[in-house]
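Hello,

Here is the structure I promised to pass on to you. Please open it and have a look, and then read my notes below.

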Amino acid sequence: MPYFFLRNGKKQWGRFHNEIKKKYNQGYQYNAKFDIASFYDNIDHNVLGEILKKYGIEDRLIQLLQRCLGAWKISSNPCGNLYNKACGIPQGPSCSAFFAEVYLFPLDEIMRNYNSVCYFRYADDINIMAKSEIECRQKIVLLDLIVRELGLIPQSSKVEINKIDKIDKFINYTGQGFSKIVKDYKINAHITEKNHNRLKNKVKKSIECGDIDKTLFKFSLFKFNKDLEVKKLILNNRNIFNSFFDGVVVYFNKYYSDDEDVRNFVYDHLTGGSSLYKYNKALLFEQYENIPFSQEIINSNIQEKNYFWIVKYYMLDWLQRNGKNDLIKEICSENINYFIKRKGLHLDMKNGEIESTKYLLKKNNAMFG
């Protein structure tokens, strides 16, 4: 695991804010905000391979990665035709975040060569700080060109250039407010009504303005109290919350697992063959505990067109929770994916299947001597 995965995120966020303040005090008082549309969905596998090769990764490893990404991104249209896409990586897994950072590293290298501006990037959100508005505009044009060269789509409509009047207001010390809420949550296992309403109003305002604060959304979903208004906010803005689905699953599972509206939401998600976020289905199967068995859910997720193997992988957990051990064996026997087969064997072990236990022990002895 790369060492920077283990860095203290809170400390890094504080350093990020301090660096912005430092540059502002040095006269960089204009800021340009730049965003990339559907970043994960447009990462080009070939470009990613070229970048990895540039930094010394062996060809055989790059080819293996590209084969895996190609298998995970086989897509289908409503008519059932399959398309082997050479772009896009799954959202959610830590390795995806790593490859996303690798993909934008050439952009970082180029932008850091320009001493006349300060370049800041958090995932695919980019800020340019400069001493004049014209300098910001020039570098935004450069950013646009580089991003397009990487096969990505600049979110031109979201480019903003502003003069910073109050630096504390600009960086919006959400980290300090979050720390108080985390402390409150740890002590009481929930947050005060005042903090809850403050978070809820910030999320509502973010949606109304169309300027989604990713950090705020991710944080709030794990800390919200039970609230019918929050439930409706999520259900009525599904397209927005699809990008923060791990938090959605945790919130609904904790407070609304028996709610009819939420059950319909879960059912629609699991039976929607055209879902853009296959990883979200996997999250539901893995973490949402109260999903009754449904043959339609099975049919919607075991066909070949449902390319994303991790959906089937966690579907096995759902089947076990519903006592459908025969179906688990059937799916595993028909699937050639190594991880799915291994998962099936582990579930057999839990169910007391002696032959599966012997098989796994034999495999492990062969691997580790």
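**What turned up**

In helix α4, the buried residues are Ser96, Phe99, Ala100, Val102, Tyr103, Leu104, Pro106, Leu107, Asp108 and Met111. Please keep in mind that this is a predicted model.

Let's stay with α4 for a moment. This helix covers residues 94–111, which makes 18 residues. At 1.5 Å a residue, α4 should span 26 Å, and its end C-alpha atoms are 25 Å apart, so the two values agree. Where is the kink in α4? Look at Leu104, shortly before the proline Pro106: the kink there is about 40 degrees. Both Leu104 and Pro106 are among the buried residues of α4.

Finally, the cysteines. A disulfide is a covalent bond between the sulfur atoms of two cysteines. A search of the whole structure finds zero disulfides. Is Cys332 buried or exposed? Cys332 counts as buried because its relative accessibility is 9%, under the 20% cut-off. Cys87, at 24% relative accessibility, counts as partly exposed.

Enjoy exploring, and write back with any questions!

Best wishes

How values were computed
Residues numbered from 1 in each chain as written. Predicted model: local features only at pLDDT ≥ 70, side-chain atom pairs only at ≥ 80, totals over all residues. Heavy atoms only, no water. Disulfide = S-S within 2.5 Å. Buried < 20%, exposed > 50% of the residue type's maximum accessible area, 1.4 Å probe, protein only. Helix = DSSP H or I, 4+ residues; strand = E, 2+ residues; numbered from the N terminus. Expected span 1.5 Å × (residues − 1). Bend = angle between axes of the 7 residues up to and from the residue.
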